[in-house]
Amino acid sequence: MNLDEVEPNDVLNQANFLPAGLHAKGILTHPGDKNDWWKFTLSQSSEVDVWWHITGGEIASYDYLCLRDGAGNEIAKDSSDDQGYFQVTVYLPAGTYYIQLYKDGPSGFAVGGRIR
Ligand SMILES: [Ca+2]
Ligand SMILES: [Ca+2]
């Protein structure tokens, strides 16, 4: 099941909540909507696998997925591969985290989620 984004979700404090086990779906457009933010919480420390896939539109090397801590500081970042996939896998303590998707290139659809 894909959870549709709710705009505006362009900065940290507008992030859409991503419940465990769900996938997210959104659209990034250039130049109108370059940022989509999602938020999730961990009740205990665990390995988290966050992935995103550009499923339509063009892929650009300067697009990225950034995993951030509850204060918005960068934990890990990935630019897409040539198939439009972003992925970060990290071990995290309990807490609140943010996923920032940034697209500075042509518009695209994006779907993604996290696995733990
Ligand atoms: Ca969007
Ligand atoms: Ca947005």
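1. To start with a term that the pairing below relies on: two strands pair if DSSP finds at least two bridges between them. Please keep in mind that you are looking at a predicted model.

2. With that in hand, have a look at strand 4 and strand 9. Strand 4 covers residues 35-42 and strand 9 covers residues 95-102; eight bridges join the two, and they run antiparallel. A handy place to check this on screen is Leu-42, which stands opposite Gly-95 in strand 9.

3. Strand 9 has a further partner in strand 6, residues 64-68. Here, too, the pairing is antiparallel, and it extends over five bridges.

4. Stepping back to the whole chain, you will find ten strands and zero helices. Reading from the N terminus, the order of elements is therefore simple to write down, since helices and strands are numbered as DSSP runs from that end: β-β-β-β-β-β-β-β-β-β.

5. How does the radius of gyration of the chain agree with that of a compact globule? For 116 residues such a globule would come out near 13 Å, and the chain has 13 Å, so the two agree. Along the principal axes, the C-alpha atoms fill a box of roughly 40 × 30 × 25 Å.

6. Two last figures on the packing. Buried residues make up 28% of the 116 in the chain. Among contacts between residues at least 6 apart in sequence, 66% join residues at least 24 apart.

Note on methods
Residues are numbered from 1 along each chain as its sequence is written. Chains are lettered from A and ligands numbered from 1 in the order in which they are written. This is a predicted model: local features need pLDDT of at least 70, side-chain atom pairs count only at pLDDT 80 or more; totals for chains, interfaces and linings use all residues. Helices (H or I, at least four residues) and strands (E, at least two) are DSSP runs, numbered from the N terminus. The radius of gyration is taken over C-alpha atoms; the globule rule is 2.2 Å times the number of residues to the power 0.38. A residue is buried if 20 or more other C-beta atoms lie within 10 Å of its own, exposed if 12 or fewer, and partly exposed in between; C-beta atoms are placed from the backbone. Two residues are in contact if their C-beta atoms, placed from the backbone, lie within 7 Å.
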